[in-house]
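Thanks, everyone. Let's take a quick walk through one model. Have a look at the screen first.

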Amino acid sequence: MNVKLKTLLNETQHFNGFIYESAELKKITKAFGIQKMELQVMIREHKQRKPYCSQCGQPAPVYDHLPMRDWLHVPLWNIPVRMFYAPRRVDCPTCGITVETMPWNEGKRPYTKAMMIFLCQWARRLSWREVATVFGVSWDAVYRSVTWIVEWGLARRELTGITAVGIDELHIHKGKKADNFATVIYQVDEHYKRLLWIGKRRSARALLGGLKTLGMENLASVRVVVSDMWRPYLAVARKHLSQAVHILDRFHITALLNQAVDKVRRSENYALTGPRRKERLKNTRWLLLKPYAKVRGHARELLNRVIHSTLKTARAWALKDAFAHFWTYNHPRYAKVFLDTWITRALRSRLPPLRKFAKTLRAHEPLIMNWFTFKKAFSSAAVEGLNNKVRVVTRRSYGFKSFHVLEIVLYHTLGKLPEPELTHKF
Ligand SMILES: [Zn+2]
């Protein structure tokens, strides 16, 4: 069986009005005298077809030819493929003298569209640094390709029919300064979860900026807003998404309760005296925060010793363990009875962090009870799930040079953005 390179090129990507004239394997001498192979593909125009203006897309007569340009294309058998073509300029009746449309080209980029899409697909699975190394391009090439595809997708994505959004903050750098946080908006519909927006800082203004970017008219369909108890967020949601029910979700409440338990443990560990003081709470931090059923083996023994002791930490843990039951109720009325009983118990616990948590619950009780009433209307695990993914991605692109890079990475991996279609999947 004979397969010509031209056939492969035409089968994978045929451009109307253009012809693959030749494809040759060349030896290229790189820096330090290293020889590398490169497939060089010459493209020429179809003589009988008119070129199209790149500005308006209308056919126009040829004006002149520009010098030869080249584009790096998807590699074949790990051999770089470079395409060559001398673009024509056209004399467009509406736009004047412009460059013709080249279907594989995007602006002045030295890569074909197919190559950029190819790099983007890998950039979802590997770090940008790895993609650059594996395919022999620069980090910048990957960055620009992903930026291009993200911008393409953001301009074309569908924003109608969103019924549930989650609002959250994202800790992007060490430290508690406002600049070290970002605000994120997710779509958390039961059947469609994605990142909708990310912006610098955590503030009412940041959130408002995000809502405006998404378009208030697009958000008119939102029925459920899920967030934590951070006041500026609550206020913005109340004012600008007033048609929606606000829900404080399980993820954020559990995180807050865990913080309270941890505070009790820390201050007790600090206050314990006697020769064995260090041993009693040693290595128990994460064990205390995990659900009991998930602690096994030696760790279970260690945990049992603490929770069956007379330590304050044991009482804090017992309250935490009891609270998990709250989420298992089907009927809001019974859940509310449970919640009230639990709050009373926590308030009497003589454990200040738990008392504080109980007071917070009481202050936001209606928003917490909304979780039960509306839990079928949104994906209650989505905020947590998306948050975890965001954290993984942020860590993988550790050392991101600017906020813009982080933004692009997150939209690319979690935005479910539409992408330009290719006839062949490389
Ligand atoms: Zn034109």
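I'll start with a loop. Asn 78 sits between β4 (69-76) and β5 (79-85). Keep in mind that this is a predicted model. Is Asn 78 buried or exposed? Its relative accessible area is 62%. The cut-off for exposed is over 50%, so Asn 78 is exposed. Now the backbone. Phi of Asn 78 is near 60 degrees, which is a positive value in a residue other than glycine.

Asn 283 lies in the loop between α8 (277-280) and α9 (285-289). Asn 283 is not a glycine, yet its phi is positive, about 60 degrees. Relative accessibility is 62% for Asn 283, so this residue counts as exposed.

Next, a loop residue on the other side of the cut-off. Gln 13 is in the loop between α1 (5-12) and β1 (18-29). Its relative accessible area is 9%. Buried means under 20%, so Gln 13 is buried. What does Gln 13 touch, leaving out residues up to four places away in sequence? The list is Tyr 20, His 73, Ala 114, Leu 422 and Phe 426.

On to the metal. Which residues give the zinc ion its protein donors? Cys 53, Cys 56, Cys 92 and Cys 95, each through SG. The distances to the zinc ion run from 2.2 to 2.3 Å. The four donor atoms subtend angles of 106 to 113 degrees around the zinc ion, so the arrangement is tetrahedral. For reference, the ideal angle for four tetrahedral donors is 109.5 degrees.

In sequence, the spacing of the donor residues reads C-x2-C-x35-C-x2-C. Cys 53 lies in the loop between β2 (35-45) and β3 (62-65), while Cys 92 is in strand β6 (residues 88-92), so this pair ties together parts that are 39 residues apart in sequence. Both Cys 53 and Cys 92 are buried.

Now the helices. Take Leu 119, in helix α2 (residues 113-123). Leu 119 is buried, and its relative accessible area is 0%. Beyond residues up to four places away in sequence, Leu 119 touches Val 131, Phe 135, Val 137, Ala 141 and Ser 145. Leu 119 and His 298 are 179 residues apart along the chain, and their C-alpha atoms are separated by 46 Å.

How does α2 pack against α4? The angle is about 95 degrees, with the axes 9 Å apart. That makes α2 roughly perpendicular to α4. From α2, the residues that meet α4 are Lys 113, Met 116, Ile 117, Leu 119, Cys 120 and Ala 123. Their counterparts in α4 are Ala 141, Val 142, Ser 145, Val 146, Trp 148 and Ile 149.

Stay on α4 for one more pairing. Helix α4 (residues 139-156) also packs with helix α16 (residues 403-414). Here the angle is about 60 degrees, and the axes are 9 Å apart. So α4 and α16 are oblique to each other. The crossing of α4 past α16 is left-handed. On the α4 side, the contact is made by Trp 139, Tyr 143, Val 146, Thr 147, Ile 149, Val 150 and Leu 154. On the α16 side, it is His 404, Val 405, Ile 408, Tyr 411 and His 412.

That's the tour. Over to you.

Technical notes. Residues numbered from 1 in each chain as written. Predicted model: local features only at pLDDT ≥ 70, side-chain atom pairs only at ≥ 80, totals over all residues. Heavy atoms only, no water. Donors = N, O, S within 2.8 Å, 3.2 Å for Na, K, Ca; no water. Tetrahedral: all angles 85-135°; square planar, octahedral: opposite > 155°, others 65-115°. Helix = DSSP H or I, 4+ residues; strand = E, 2+ residues; numbered from the N terminus. Buried < 20%, exposed > 50% of the residue type's maximum accessible area, 1.4 Å probe, protein only. Axes fitted to C-alpha atoms, helices over the stretch in contact; angles between N-to-C directions. Parallel < 35°, antiparallel > 145°, perpendicular 65-115°, else oblique. Left-handed = near helix turned anticlockwise from the far one by under 90°. Contact = heavy atoms within 4.5 Å.
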